[in-house]
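Subject: Structure handover

Hi,

Here is the structure I promised to pass on. Please open it and keep it beside this email.

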Amino acid sequence: KKSVGPVSINYEYHLNPQVSVGVNISYASYSADYKDILGLATAFTGKLRNTALMLQTIKYFETEGDILIYTKGNIGLNLWSGEYKTSNGGVFKNFNAPTPVAYNAVVGLKYGFGPSTFGYIEAGYGKYIVAIGISVKVK
């Protein structure tokens, strides 16, 4: 079993202190061997890859201290590829790509470690359910 991600990169531009717009790019891949019913031999292999390109808008709420609370909405394009192959290389099952529309609705918290570095946690619906990361402010 091998997997990468999901890994995301965001860029946001503040229109004012409470509203920003930006882009999000994310990537994930997964591959695995699936065993036969006895678990002895590989019956087939599966590989999935996804890249999502989304536009985003963020609304920040006024708070006291180093914690920022925000909501975020994303919409964009899902680029999928995948395959399922038998152990001898034949097609096991046709890959049916999920929706080409990527979307996400999020509530998040950012904590300021300094004037330009923030840790964040997000929970939402759509492209991902929970995300944790570091945000860096670039002037």
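Below is what turned up on salt bridges.

First, the ground rules. This is a predicted model, where local features need pLDDT of at least 70, side-chain atom pairs count only at pLDDT 80 or more, and totals for chains, interfaces and linings use all residues. Residues are numbered from 1 along each chain as its sequence is written, and side-chain values use heavy atoms, with hydrogens and water left out.

The structure has three salt bridges. A salt bridge here is a side-chain nitrogen of Lys or Arg within 4 Å of a carboxyl oxygen of Asp or Glu.

Glu12 and Lys110 form one of them, at 3.4 Å from N to O. Glu12 sits in strand S1 (residues 2-16) and Lys110 in strand S6 (residues 101-112), 98 residues apart. Strands are DSSP runs (E, at least two residues), numbered from the N terminus. Glu12 is partly exposed at 23% relative accessibility. Lys110 is buried at 10%. Buried means under 20% relative accessible area, exposed over 50%, and partly exposed in between (1.4 Å probe, protein chains only).

Lys47 pairs with Glu83, with the closest N and O atoms 4.0 Å apart. Lys47 is in strand S3 (residues 42-61) and Glu83 in strand S4 (residues 67-86), so the bridge ties together parts 36 residues apart in sequence. Lys47 is partly exposed at 36%. Glu83 is partly exposed too, at 28%.

Glu122 meets Lys72, with the closest N and O atoms 2.9 Å apart. Glu122 belongs to strand S7 (residues 117-126) and Lys72 to strand S4, so parts 50 residues apart in sequence are tied together. Glu122 is buried at 5%. Lys72 is buried at 7%.

Best wishes

Technical notes:
Helices (H or I, at least four residues) and strands (E, at least two) are DSSP runs, numbered from the N terminus.
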